[in-house]
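Please look first for the places inside this protein where a small molecule could be held, and keep the sequence at hand while reading.

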Amino acid sequence: MSNKDSLIIFDTTLRDGEQSPGASMTKDEKIRIAKALEKMRVDVIEAGFPIASPGDFESVQAVARTITDSTVCGLARALDRDIDRAGEALKDANSGRIHTFIATSPIHMEQKLRMSPDQVMEQAVKAVKRARRYTDNVEFSAEDAGRSEIDFLCRIVEAAIKAGANTINIPDTVGYNVPWQFGNTVSEIIERVPNSDQAIFSVHCHNDLGLATSNSLSAVLNGARQVECTINGLGERAGNASLEEVVMTVRTRSDIFECDSNLDATQIVTCSRLVSNITGFPVQPNKAVVGVNAFAHESGIHQDGVLKSRETYEIMRAEDVGWAQNRMVMGKHSGRSAFRARLEELGIEFSSEEELNDAFRRFKDLADKKHEIFDEDLQALVTDVSIRAENELVNLISMKVCSETGETPTAKIVLTVDGEEIAGESTGGGPVDATFRAIESLVETGSELQLYSVNAITSGTDAQGEVTVRLEKGGRIVNGQGADTDIVIASAKAYINACNLIMHGSKRAHPQSGGV
Ligand code: KIV
Ligand code: ZN
C-alpha cells in the first residue's frame with residue numbers, strides 16, 4: 001500500500017444498520033460486533049445515536065470503553081442536546097468522533113426542517129463548533145446531499161470545514177443518484193470548495209436503486225477517501241453500501257483505484273455471519289463476497305475451468321475473504337479448550353465461566369445429534385445462549401407437537417413467564433402455526449407475525465434450522481431467532497425470543513425525524 005492513499009472504512013452497521021426494521025441489537029450484541037469490526041481493522045465504528053434512547057447512549061458508551069484500535073463515533077443531529085449527549089457517551093473513548101448532520105436539500109429544508117438555507121447553514125456551523133468542544137475529530141454530513149443544490153452544498157461544506165469539521169460526508173440519503181453523476185458531484189465539491197484540502201471527503205450511499213456500492217466507488221474514483229458502509233449491506237430501507245463489496249472491489253481492482261483500505265479481509269465472512277446471526281437477517285445465497293454461493297461453481301464448464309486454472313472463473317480467492325478458515329469442523333470428541341479457542345477465533349468471548357460452561361454443554365448436546373459441527377453451528381449456538389441469558393421473562397420448558405396425516409396438528413407448550421410455570425395448547429394449520437398459537441395464548445403479546453423464515457445453517461438433513469420470526473406491535477418491529485436440529489423447536493425458540501423483545505423494549509427516536 002506504500003504509494004497508495006488510504007481509504008478510510010467507516011462502518012455504520014451498529015447505527016444505520018440498526019435502523020433496518022427489526023434489526024435492533026442489545027448492548028452486548030453491539031459490543032460483540034464492535035470487537036469483530038475492530039479485529040477486522042475497520043477505521044471508524046459508528047456505534048449509535050446516543051440521544052435516541054438511554055439504551056443507545058449506554059451502547060455507544062460501552063463500545064467507546066471497549067474498543068481501542070478503531071475510532072468510535074456517535075451520531076448527533078445539529079442540535080446542542082444531541083451533541084452534548086454524544087460527547088458524554090464518547091468521553092472514555094481512546095479515539096472518539098462526533099458525527100453531526102443537518103439536511104441540505106430543498107425538500108428536506110422546506111418540508112421537514114421548515115428552515116431557510118441560511119438558518120440551516122448557521123445551525124451547521126454552530127453544531128460543528130459545539131462538537132469541537134468535546135473532540136477534535138468531527139464529521140459533518142449534509143443529509144440528502146444527493147438531492148441538494150451544488151452551490152449551497154459548496155457553501156455549507158466550506159463553512160463546516162472552517163468551523164472545525166475534518167471529515168465531510170456527502171450522503172445519498174434516499175439512494176437517488178447514479179454513479180457517474182454522484183462521482184461528478186463529489187469531484188465538483190472538492191474542486192470548488194477553497195478549503196477542501198483541510199478535510200477528508202466521505203460518502204454514505206443508500207441502496208434504493210441497487211447502486212449504493214457503485215455510487216460509493218464512483219465517489220472514490222473522484223476523490224472521496226472515506227466510505228460509510230455496513231456488513232451485508234444492512235441499513236435503512238434497502239440498506240447501505242456493503243462493506244465487503246466496497247473493500248473487495250477496491251482491492252481486486254487495484255489497477256483502477258489509487259487507494260486501498262487497511263482492512264483484514266480474512267475476517268469478512270466471520271463478521272458477516274455474526275451480524276446475520278445477531279440481527280436475524282439471513283444473507284442471500286448469491287450475495288457478492290459473503291453469500292454461500294459466491295465461490296460455488298455449478299456449471300460443468302466453469303468447474304472444468306476452475307480445476308484447470310482457478311483464475312478462469314474466480315477473481316478473488318475464497319480464503320482471502322475468510323471462507324476457507326470458516327469451514328473448520330468440530331465434533332463430539334472436541335474438548336472444552338478447542339471449543340473456547342475456536343470461539344475466540346470467531347470473535348466470540350464469554351462474560352463468565354458459567355456462560356462458557358452453558359455453551360459447551362449445549363455444544364455437546366448438539367454434537368450428539370449432529371455429526372459435524374461447523375463454525376455456523378457454533379455461532380448460532382452462542383447467539384442462542386446470549387438470547388436466553390438476556391431475556392428471561394419468558395422461557396421454554398418443554399413442548400410436544402403432533403402432526404399426522406388427516407389430523408389437525410396440535411401443540412402443547414410449557415413455559416415460565418416471569419418465573420411462574422404455565423401450560424397451554426392449541427391447534428393450527430400446521431405444527432408451527434399450532435406452536436405459535438399455543439405460545440401466544442400464554443403470553444398474550446397481541447403482536448402480529450410479519451415474517452417467518454427457516455434457513456438451514458449447514459447442509460445435510462441433520463443440519464440445524466435457524467428460524468427468524470418478525471413480530472410487529474404498535475409500529476415496533478422485532479426479530480426473534482432460534483436454532484435447533486428440530487425446526488419446530490427452533491421456531492418456538494424464535495417466537496419466544498421475539499415475544500421477549502417485544503415485551504421488554506421501548507421505542508427509539510429516529511435520526512432522520514427532524515426535531516430542530
Ligand atoms: O442516510 C443518511 O443521510 C444518514 C446520515 C445521518 C449520514 O444516515
Ligand atoms: Zn443513512
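The paragraphs below go from the cavities to the ligand and then to a pocket.

This is a predicted model, in which local features need pLDDT of at least 70 and side-chain atom pairs count only at pLDDT 80 or more, while totals for chains, interfaces and linings use all residues. Residues are numbered from 1 along each chain as its sequence is written, chains are lettered from A and ligands numbered from 1 in the order in which they are written, and side-chain values use heavy atoms, with hydrogens and water left out.

Rolling a probe the size of a water molecule over the atoms shows where empty space is left. The structure holds 4 cavities of 30 Å³ or more, a cavity being a set of points, on a 1 Å grid over the protein atoms alone, where a 1.4 Å probe fits but cannot get out. The largest cavity contains about 100 Å³ of space, the volume being that filled by probe spheres set on grid points joined across faces, edges and corners. Its lining (residues with an atom within 4 Å of a point) includes L75, H99 and Q512.

What takes up the space of the largest cavity? That space is taken by ligand 1, where sitting in a cavity requires more than half of the molecule's atoms to lie within 2 Å of its grid points. Among the residues surrounding ligand 1 are D16, F101, E143, N169 and H206, each with a heavy atom within 4 Å of the ligand. The strands β5 (96-103), β6 (138-143) and β7 (167-172) each supply at least two residues of this shell, strands being DSSP runs of E with at least two residues and helices runs of H or I with at least four, numbered from the N terminus.

Polar contacts, pairs of N or O atoms within 3.5 Å, can be followed from the ligand to particular side chains. An oxygen atom of ligand 1 lies 2.6 Å from a side-chain N or O atom of T173, and such a distance is 2.9 Å for R15 and 3.1 Å for H204. Taken alone, ligand 1 exposes 260 Å², of which the protein buries 99%, as computed by the Shrake-Rupley method with a 1.4 Å probe.

Elsewhere, the second largest pocket has a volume of about 410 Å³, a pocket being an open set of points with protein on both sides within 12 Å along at least five of seven lines. It is lined by 20 residues, of which R273, V292, E376, A456 and I457 are the closest to its centre. Helix α10 (268-279) gives the most to this lining, with 4 residues.

Key: A polar contact is a pair of N or O atoms within 3.5 Å; within protein, one must be able to donate a hydrogen and the other to accept it, and residues adjacent in sequence count only if both atoms are side-chain atoms.
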